[in-house]
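Subject: Structure handover

Hi,

Here is the structure for you to look at. My notes on pockets and aromatic pairs follow below.

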Amino acid sequence: MNVPNHIAIILDGNGRWAKAKGMPRSYGHVKGCANLETICDDMKELGVKYLTVYAFSTENWKRSREEVDGLMKLFRNYLKKCIRISEKNKMRVKVIGDIRAFDQDIQDKIRELEEFSKDYTELHFQIALNYGSRDEIVRGVRRLAQDAVDGKLDPQKIDEKVFESYLDTAGIPDPDLMIRTSGELRLSNYLLWQMAYTEFYFTEVPWPDFNKEELIKAIEKYNERDRRFGGVKEEKQNV
């Protein structure tokens, strides 16, 4: 089985999963967070080198205050726990997104985790927090434009490689496979630049129920695709 180098996941369906069980949405987020640790173990075991997950978007601030407060509490606990997870899996952790919107203690925990794990290389784990792809691109363009104004960058030398160096994902290869759980068929402002040539896999399974078996199904589907040199891809046709 050809395992993708980089898998991106939209962790969808936590709240609906909990509601279906007669539980509050917060219960689904807790279970979804616990499942993320298991999936990290599975990714490492299968040989995936990069994993990027969409945990909290720029639009998620519009949810109820109770739910947002619950997510902030969950982030605080998970970021502390993630130090142990990164050590166990020799996993480098990087947060993408604009973390300035978070309380200072969360920002400090993010920087502590990134510093702690910076030398690990067996799995590169990116967590998208307060992330939106359009926001990422605008922030990158602002930095690029400022460097051009300051004379640090020749506008005539700006190409895709230069532009990518201003994104949150600088130095990280583009995803080979994107998985979205819980049945939605959209990208929701996630890695729009990076996923220009990514294979998509959508499943009805909600994130808390997404396990190693489901992950292998997604990779098997990925293997049915013909990824041709240069980024041009076509699905294999049954003759």
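The second largest pocket has a volume of about 220 Å³. Keep in mind that this is a predicted model. The lining has 13 residues, and R25, S26, E66, E67 and G70 sit closest to the pocket's centre. Two elements, α2 and α3, each give two or more residues to this lining. The largest share is from α3, with 7 residues. By class, the lining splits into 4 nonpolar, 5 polar and 4 charged residues.

Now the largest pocket. Its volume is about 660 Å³. It is lined by 31 residues, with L11, Y54, A55, N60 and R63 nearest its centre. Elements giving two or more residues are α1 (14-20), α2 (25-46), β2 (50-57), α3 (65-89) and β4. The lining holds 15 nonpolar, 8 polar and 8 charged residues.

On to the rings. The whole structure has 13 aromatic pairs. One of them is F56 with W61: the centres are 4.9 Å apart and the planes stand at 85°, so this pair is edge-to-face. F56 is buried at 0% relative accessible area, while W61 is partly exposed at 33%.

Y131 and Y190 also pair edge-to-face, at 6.2 Å between centres and 90° between planes. Y131 belongs to strand β4 (123-131) and Y190 to the loop between β5 (177-180) and β6 (199-202), so the pair ties together parts 59 residues apart in sequence. Y131 is buried, at 0% relative accessible area. Y190 is buried too, at 0%.

Last item: F56, W61, F75 and F102 are linked into a cluster by ring pairs.

Best regards

Terms used:
Residues are numbered from 1 along each chain as its sequence is written. This is a predicted model: local features need pLDDT of at least 70, side-chain atom pairs count only at pLDDT 80 or more; totals for chains, interfaces and linings use all residues. Side-chain values use heavy atoms; hydrogens and water are left out. Rings of Phe, Tyr and Trp (its six-membered ring) pair if their centres lie within 6.5 Å; planes under 30 degrees apart count as stacked, over 60 as edge-to-face and the rest as tilted. Buried means under 20% relative accessible area, exposed over 50%, partly exposed in between (1.4 Å probe, protein chains only). Helices (H or I, at least four residues) and strands (E, at least two) are DSSP runs, numbered from the N terminus. On a 1 Å grid over the protein atoms alone, a cavity is a set of points where a 1.4 Å probe fits but cannot get out, and a pocket is an open set with protein on both sides within 12 Å along at least five of seven lines; lining residues have an atom within 4 Å of a point. Grid points are joined across faces, edges and corners, and a volume is the space filled by probe spheres set on the points. Ala, Val, Leu, Ile, Met, Phe, Trp, Tyr, Cys and Pro count as nonpolar, Asp, Glu, Lys and Arg as charged, and the others, Gly among them, as polar.
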